[in-house]
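Please keep the sequence and the model open while reading.

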Amino acid sequence: MKEKVDFDLDKRTWHPSPLLGQIVLVTTVNKDGSSNIAPKSWISMMVLKPPILALGCNLKHHTAQNILANREFVVNVPGVELTQTIWHSHKLPHPRPVEAVGLTPIPAVKVQPPRIDECKAHLECVFDQCVSYGDEVILLGQIVAVSVDKSICDAAADVYAQMRMVCFLENATYGIIEYANRLETANT
Ligand SMILES: Cc1cc2nc3c(=O)[nH]c(=O)nc-3n(C[C@H](O)[C@H](O)[C@H](O)COP(=O)(O)O)c2cc1C
């Protein structure tokens, strides 16, 4: 048996972190109709039918408050080239519309919050239900529209090498999906 090291239960102390979270930029709409942008990484697909994703968020955050107020959000998927913008953006004061972080809002297909043009893919969601733990909340959203850059879909080469998606590992540390491996027997 290999020797094991016991970690504290506080995720913030984990090094290396045994769990990773995809970094996304979530857009919502404020009461006055302006947009709000925030990076999030506690996010994952949860149910296939209906297509439900879960987003972990602090209840005090504008993102959670906007989703609970008007029930819509867009999960925008950035590539690694937006990493500096992402880390810069979460410290900017509110109001924090998409333009405030130097990115371009474009209309979504089915919901009011905008997509972000510079991102590679977009999942438009309608709030379904939530589970709260103190100051934190798990927001479950039903995906109602999905779009991906045509240039990526059309690429002859590895589409994941074009996406270059990023994941949060630990404080100020991220990983990059640089390429995809495919099993020889493609029946899984
Ligand atoms: C890479 C990255 C990932 C983050 N992930 C989350 C997350 O999953 N949940 C969360 O509540 N805050 C997360 N944060 C912190 C929020 O982005 C930050 O507190 C932000 O200011 C909240 O903005 P809002 O009030 O507009 O929602 C993350 C920050 C960074 C830089």
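The sections below cover the basis of the model, the ligand site, the cysteines and the backbone.

## Basis

This is a predicted model, in which local features need pLDDT of at least 70 and side-chain atom pairs count only at pLDDT 80 or more, while totals for chains, interfaces and linings use all residues. Residues are numbered from 1 along each chain as its sequence is written, and side-chain values use heavy atoms, with hydrogens and water left out.

## Ligand site

Around the ligand there are 18 residues, of which Asn-36, Pro-39, His-62, Thr-63 and His-94 come nearest; a residue is near a molecule if one of its heavy atoms lies within 4 Å of it.

A backbone N or O atom of Ser-41 is 2.9 Å from a ligand oxygen, and one of Gly-56 is 3.0 Å from a ligand nitrogen. A polar backbone atom of His-90 lies 2.8 Å from an oxygen of the ligand. These are polar contacts in the sense of N or O atoms paired within 3.5 Å.

## Cysteines

A search of the whole structure finds zero disulfides, a disulfide being a pair of cysteine sulfur atoms within 2.5 Å. For Cys-57, the nearest cysteine sulfur is that of Cys-130, 11 Å away. That distance is too far for a bond.

Are these two cysteines buried or exposed? Cys-57 is buried, with a relative accessible area of 4%, whereas Cys-130 is partly exposed at 33%. Buried means under 20% relative accessible area and exposed over 50%, with partly exposed in between (1.4 Å probe, protein chains only).

## Backbone

Most residues other than glycine have a negative phi, and most peptide bonds are trans. Exceptions to both follow.

The peptide bond joining Lys-49 and Pro-50 is cis, with omega about 0°. Pro-50 is in the loop between β4 (43–47) and β5; strands here are DSSP runs (E, at least two residues) and helices are DSSP runs (H or I, at least four), numbered from the N terminus. From His-94 to Pro-95 the peptide bond is also cis, with omega near 0°, and Pro-95 falls in the loop between α2 (83–89) and β7 (105–106).

Arg-71 has a positive phi, near 65°. Arg-71 lies in the loop between α1 and β6 (72–77) and is partly exposed, with a relative accessible area of 40%. Ala-172 has a positive phi near 60°. The loop between β11 (166–170) and β12 (173–176) holds Ala-172, which is exposed at 55% relative accessible area.

Definitions and conventions: Polar contact = N/O pair within 3.5 Å; in protein donor to acceptor, adjacent residues only side chain to side chain.
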